[in-house]
Amino acid sequence: MGKYFSGKVQELIDRANHGTGEDIDYILGHLDADVTLSVTRFVDYALGLVESDEGIERIEFYLFNGTQIQRNYCSLSFNRRGDWPVVKKAYEQGLIDYIQAYAR
């Protein structure tokens, strides 16, 4: 599927497929105060492609230590993976709200 994209989207896809901690830092680094709606969608899509243990562990790190927007997208990623225990833990710690905890 990645062959149909170019530029920034392809770079995010490539990094997600590679899935190192550095790659996840790069992907989530796009979620800042100036992020556009389209970039949030690209980041969301890329997070869904991460399969490496290292990458998933780094996403979990951001769920508990990232900015609010990073935590929200990490929560969404774990919800889509069906990894409810980690989302529940973040919710119980007050890091994400009820709506985010149950978003898919």
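Is Asp44 buried or exposed in this protein? With a relative accessibility of 12%, Asp44 counts as buried, where buried stands for under 20% relative accessible area, exposed for over 50%, and partly exposed for what lies in between (1.4 Å probe, protein chains only).

The model is a predicted one, in which local features need pLDDT of at least 70 and side-chain atom pairs count only at pLDDT 80 or more, while totals for chains, interfaces and linings use all residues. Residues are numbered from 1 along each chain as its sequence is written, and side-chain values use heavy atoms, with hydrogens and water left out.

## Overall form

The secondary structure amounts to 7 helices and 0 strands, and reading along the sequence gives the pattern α-α-α-α-α-α-α; helices (H or I, at least four residues) and strands (E, at least two) are DSSP runs, numbered from the N terminus. The C-alpha trace spans about 40 × 30 × 20 Å along its principal axes. For 104 residues, a compact globule would have a radius of gyration near 13 Å, and the protein agrees with this because its own value is 13 Å; the radius is taken over C-alpha atoms, and the globule rule is 2.2 Å times the number of residues to the power 0.38.

Of the 104 residues, 43% are buried. Among contacts with a separation of 6 or more, 53% come from residues 24 or more positions apart, a contact meaning heavy atoms within 4.5 Å. The accessible surface comes to about 5,900 Å², and 51% of that area belongs to carbon and sulfur atoms; such areas come from the Shrake-Rupley method with a 1.4 Å probe, and for residues only the protein chains shown count as cover.

## Salt bridges

A salt bridge here is a side-chain nitrogen of Lys or Arg within 4 Å of a carboxyl oxygen of Asp or Glu, and by this rule the count comes to 6.

| Pair | N to O distance |
|---|---|
| Arg15 and Glu11 | 3.9 Å |
| Asp44 and Arg80 | 2.7 Å |
| Lys88 and Glu92 | 3.8 Å |

Asp44 forms its salt bridge with Arg80. This pair links distant parts of the chain, since Asp44 belongs to helix H3 and Arg80 to helix H5, 36 residues apart. Whereas Asp44 is buried, Arg80 is partly exposed, at 46% relative accessible area.

Arg15 and Glu11 are 4 residues apart in helix H1, so about one helical turn separates them. Arg15 counts as partly exposed at 21% relative accessibility, and Glu11 is likewise partly exposed, with a relative accessible area of 30%. Arg15 and Glu11 also belong to a network of salt bridges in which Lys8 and Asp23 are linked with them.

Lys88 and Glu92 are 4 residues apart in helix H6 (residues 84-92), and therefore about one helical turn lies between them. Lys88 is partly exposed at 37%, whereas Glu92, at 56% relative accessibility, counts as exposed.

## Two buried glutamines

Gln10 has its place in helix H1 (residues 7-18) and, at 16% relative accessibility, counts as buried. The side chains of Gln10 and Asp14 are joined by a polar contact of 2.7 Å, a term for a pair of N or O atoms within 3.5 Å, of which, within protein, one must be able to donate a hydrogen and the other to accept it, with residues adjacent in sequence counting only if both atoms are side-chain atoms.

Gln70 lies in helix H5 (residues 68-81) and is buried, with a relative accessible area of 9%. The side chain of Gln70 reaches the backbone oxygen of Leu28 at 3.0 Å. Leaving aside residues up to four places away in sequence, Gln70 touches Leu28, Gly29, Leu31 and Tyr62.

## Surface and loop

Tyr91, Tyr98, Ile99 and Tyr102 form a nonpolar patch on the surface, with about 460 Å² of accessible area together. Patches are made of residues with over 30% relative accessible area and no salt bridge, like charges being joined within 9 Å and nonpolar side chains (Val, Leu, Ile, Met, Phe, Trp, Tyr) within 5 Å. Ile99 lies in helix H7 (residues 98-101) and counts as exposed at 65% relative accessibility.

Thr36 is found in the loop between helix H2 (21-28) and helix H3 (37-47), and is partly exposed at 39%.
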